[in-house]
Amino acid sequence: MSYDKDFSIIIPHRNSLHFLPKLFSSIPKSDKIEIILVDNSIEKISEAEIRSIGVSHDFILLYSNPSRGAGGARNIGIENAQGKWLLFLDADDYFADNAFKTFYKYINCDAELIYFGMGSVYEDSGEKANRGENYNYLVKSFISNKIEEIQIRLKYSSPCSKMVSHSLVDRQKIRYDEVLASNDEMFSLLTGYYAKKILADTTEVYIATVSKGSLTRRKDFAVIQSRYKVGLRYNKFLRNHGLSKYQKSVMVYFYDIRNYGIKNILKFLLLAIKYRQNLLIGLPNWIDSLKRRKTINKKESQYITK
């Protein structure tokens, strides 16, 4: 299948209007770059509102039912995209300087998935944050042959800071989960698993922001439960495809719900039984993982909402 554009940038939007000027300013104006903004806010935004805050780019504004979440918005974007490559951008993030110079280096390559470095900042102070550290480690380690290729394919869980072949997504009929949280986990796993060829580049092309109230910093029960269920499905996929040794621990979710009552803990245990999940996976790393989480949570306590 041929595509009319070089890139389709798919942006799910929900109550983040004030972030859009910076986001749009990080994208070159070009008739070969398609911008698809999918609004899933309860109170819909209009093109006039977006223009009123200084956005002059051409873009396509679509709408999705708020109940479908960011995953549903991204799926609508995919279904309307005309680009050879898909780029996913969260509404509160933006591309780094010269990102598209890097992207165009790979425009005609034979890979179906290209991983890049990711930067991150605190939204209020502009200081450097750590959201991209794990992804940068994977990219650098893959390029230097310190890890197996399968590890970056399975563990680079963000759909952002990647070039994703539209033909890969179409061929495998890959879509985002339409869930409250971790809608992108299975999408990243499936594109990583099914891509015929991958490449990686350490250039930081994407800047993720850490802001109060963002889904990545929410710790309420509904969000924890959503992430837990996706984690169980993620591990089930790995077991079904002979990749059991790459399963991730799900005990962090039990730690996160420890104060939500025995009834909810039992509910999580029953889900583990349903999915035949071994709860002891990752046992040697539990203490170190919790220490790292506590350090990050302490540093970012003002951004966490429950």
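Which residues make a nonpolar surface patch of about 280 Å²? Ile262, Leu266 and Leu269 do. Keep in mind that this is a predicted model.

## The nonpolar patch

Let's stay with Ile262 for a moment. This residue is found in helix α11, which covers residues 262–274.

Eight strands make up an open sheet with mixed pairing, and the order reads β3-β2-β1-β4-β7-β6-β8-β5. At the edges stand β3 (60–63) and β5; each has a single partner strand, so one side of each is left without a neighbour in the sheet.

Take β1 and β2 to see some of the pairing. Strand β2 (residues 33–39) runs parallel to β1, and seven bridges join the two. Within this pair, Ile10 stands opposite Ile36 of β2.

## Helices on the sheet

Two helices are worth a look here. Helix α5 (residues 133–143) packs on the sheet and touches β6 and β8. The direction of α5 makes about 165° with that of β8.

Helix α8 (residues 185–194) also packs on the sheet, where it touches β4 (83–88), β6 and β7. Here the angle is about 150°, taken between the directions of α8 and β6.

## Two partners for β8

Strand β8 (residues 198–210) pairs with β5 (residues 94–95) in the antiparallel sense, over two bridges. Phe95 is the residue opposite Tyr206 of β8.

With β6 (residues 113–122), β8 pairs in the parallel sense, over 10 bridges. In general, strands of a sheet pair through backbone hydrogen bonds, either parallel or antiparallel.

## Positive phi outside glycine

If you check the backbone torsions, stop at Asn15. Its phi is positive, about 55°, although Asn15 is not a glycine. Asn15 sits in the loop between β1 (5–13) and α1 (20–25). With a relative accessible area of 57%, Asn15 is exposed.

Ser161 is another residue other than glycine with a positive phi, in this case near 60°. Its place is the loop between α6 (149–155) and β7 (162–165). Is Ser161 buried or exposed? The relative accessibility of Ser161 is 3%, and because buried means under 20%, Ser161 counts as buried.

Terms used
Residues numbered from 1 in each chain as written. Predicted model: local features only at pLDDT ≥ 70, side-chain atom pairs only at ≥ 80, totals over all residues. Heavy atoms only, no water. Helix = DSSP H or I, 4+ residues; strand = E, 2+ residues; numbered from the N terminus. Buried < 20%, exposed > 50% of the residue type's maximum accessible area, 1.4 Å probe, protein only. Pairing = 2+ DSSP bridges. Patch = residues over 30% accessible without salt bridge, like charges linked within 9 Å, V, L, I, M, F, W, Y side chains within 5 Å. Areas by Shrake-Rupley, 256 points an atom, 1.4 Å probe, with all protein chains shown as cover. Salt bridge = Lys/Arg side-chain N within 4 Å of Asp/Glu carboxyl O. Contact = heavy atoms within 4.5 Å. Axes fitted to C-alpha atoms, helices over the stretch in contact; angles between N-to-C directions.
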